Amino acid sequence: MEKIWAGRAAKHLDQIADDFNASIRFDRRLAVEDLTGSMAHAAMLGAKGINSAEDTEAILAGLEGILQDLQSGYLEIDPNAEDIHSFVETELTRRIGDAGKRLHTARSRNDQVALDLRLWLRKEIGEIRSLTAALIRAICGKSQEARDAIVPGYTHLQRAQPIVFAHHLLAYGMMLERDLGRLADACRRLNISPLGSGALAGTTYPIDRDMTAKALGMNGYTLNSIDGVSDRDFVAETCAALSILMMHLSRLSEEIILWSSWEFRYVELDDAYTTGSSIMPQKKNADMAELIRGKTGRVYGSLMGILTVLKGLPLAYDKDMQEDKEGLFDSVDTVKMCLQVMAPMISTMSVNREAMRNAAAKGFINATDLADYLVRKGMPFRTAYKTVGQIVAECTAKGLTLETLPLEAYQAHSPLFGEDLFDAISLETCVRQRISPGSVSGPSLDAQFAFLASAVEGL
């Protein structure tokens, strides 16, 4: 296939160099966006009288035919094409003749590919936000099921204070809600048309950039033609947002792996989301969660890849920028796959309330509440803190818990302990009395459910 840039060179490109230079094996994913952008560009050229009405009609019909044939499978993308842009232009010219050669008037592949990538990312971010919203709904559904299941809250992976399992899960819902916002912000900033920037300096033709931007549903056009073709900060920003999202999925995956182990047994994953061992018949492995945790690294790698490509790149366009796509495509595919697995894995996960409650009964996780009991009786907090520490030491030495230490033993430490003590330090009371906004109690859970329901509305 003759190169669309043929003419200057006196000899053909070496075959190995040609393969090395070509991007058709991956930018073929931009076919729909390339055709969509080309239609908007062709319509504008016709409206401005740059191309004749007859040529414009032929170009638009030809592009629509290529799109339909690609979508139906009647037409296949030529793997020998240099890139998706040259494939479309060559196929268009084959179908409609010289009129097809007029499509590229007032346009460069530099602004063309920048547009294609923005259009593709806009669509993909929308899908990822919908999948993230589905995961938030799954988390909220499981949290409603387990809103009164008491479980130890942890700091430093040590049992710390009593909470309910719903509160722990909803923390991830809040993280994912911020991921929705980050993705929306990235989409807002990338939804600007670079078309009309040309190779770097604009064009001498009287084009209407606002017309093409509006036709493509974009919020205006880039005001600096060099910036329009030579930056991929929108790719880096999207990869950063995806990396943070994957970090949250990885943290949740790690907890699911721990919770489903025999040492915890807080949850049991559905068989549909676990695997077994080739030699140990008793095994039920949380492989889906482990894979999500592992795939986080490749998304991080794509972010570092695009940042490294851009870090020393002079303006304007350089061929290095062809490296903006493969890592991005992989990140998008990986994130979507992980979200598609995570949501039903959460929804079908069963909660072992008994194991959670038994774990909460150990580890003196109501010690802070015991100190608060003394404070409410008039003891200074630091004195109460020290007193409770001494009581915990006594319980440890005797193999008792705060609930099983006799009242007279408490009163030996302070006369402020009374008959109301054991009700005050029961785990249920500890949870119920945490009344501050954002805490673990029922009203706070209701507020969190309402907030997350509003965040995913319409997604």
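Biologist: What makes the crossing of α11 and α12 left-handed or right-handed?

Modeller: In this predicted model, α11 passes α12 in a left-handed crossing. The term applies because the near helix is turned anticlockwise from the far one by less than a right angle.

Biologist: How do you know whether Asp55 is buried or exposed?

Modeller: Its relative accessible area is 15%, and buried means under 20%; Asp55 is therefore buried. Asp55 lies in helix α4 (residues 53–72) and touches Ala99 and Arg102, not counting residues up to four places away in sequence.

Biologist: Why is the pair Arg95 and Glu91 called a salt bridge?

Modeller: The closest N and O atoms of Arg95 and Glu91 are 2.7 Å apart. A salt bridge requires a side-chain nitrogen of Lys or Arg within 4 Å of a carboxyl oxygen of Asp or Glu, so this pair qualifies. Both residues lie in helix α5 (residues 84–96), 4 residues apart, about one turn of the helix. Glu91 is buried because its relative accessible area is 8%, whereas Arg95, at 31%, counts as partly exposed.

Biologist: How do you know that Lys123 and Glu124 meet in a salt bridge?

Modeller: The N to O distance is 3.8 Å, and the cut-off is within 4 Å, so the pair counts as a salt bridge. Glu124 is buried at 5% relative accessibility, while Lys123 is partly exposed at 38%.

Biologist: What makes Asp420 and Lys377 a link between distant parts of the chain?

Modeller: Their side chains meet in a salt bridge (3.4 Å, N to O). The two residues are 43 residues apart, with Asp420 in the loop between α16 (407–413) and α17 (421–424) and Lys377 in the loop between α14 (367–376) and α15 (381–398). Asp420 is partly exposed, at 37% relative accessibility, and Lys377 is partly exposed with a relative accessible area of 37%.

Conventions. Residues numbered from 1 in each chain as written. Predicted model: local features only at pLDDT ≥ 70, side-chain atom pairs only at ≥ 80, totals over all residues. Heavy atoms only, no water. Buried < 20%, exposed > 50% of the residue type's maximum accessible area, 1.4 Å probe, protein only. Contact = heavy atoms within 4.5 Å.
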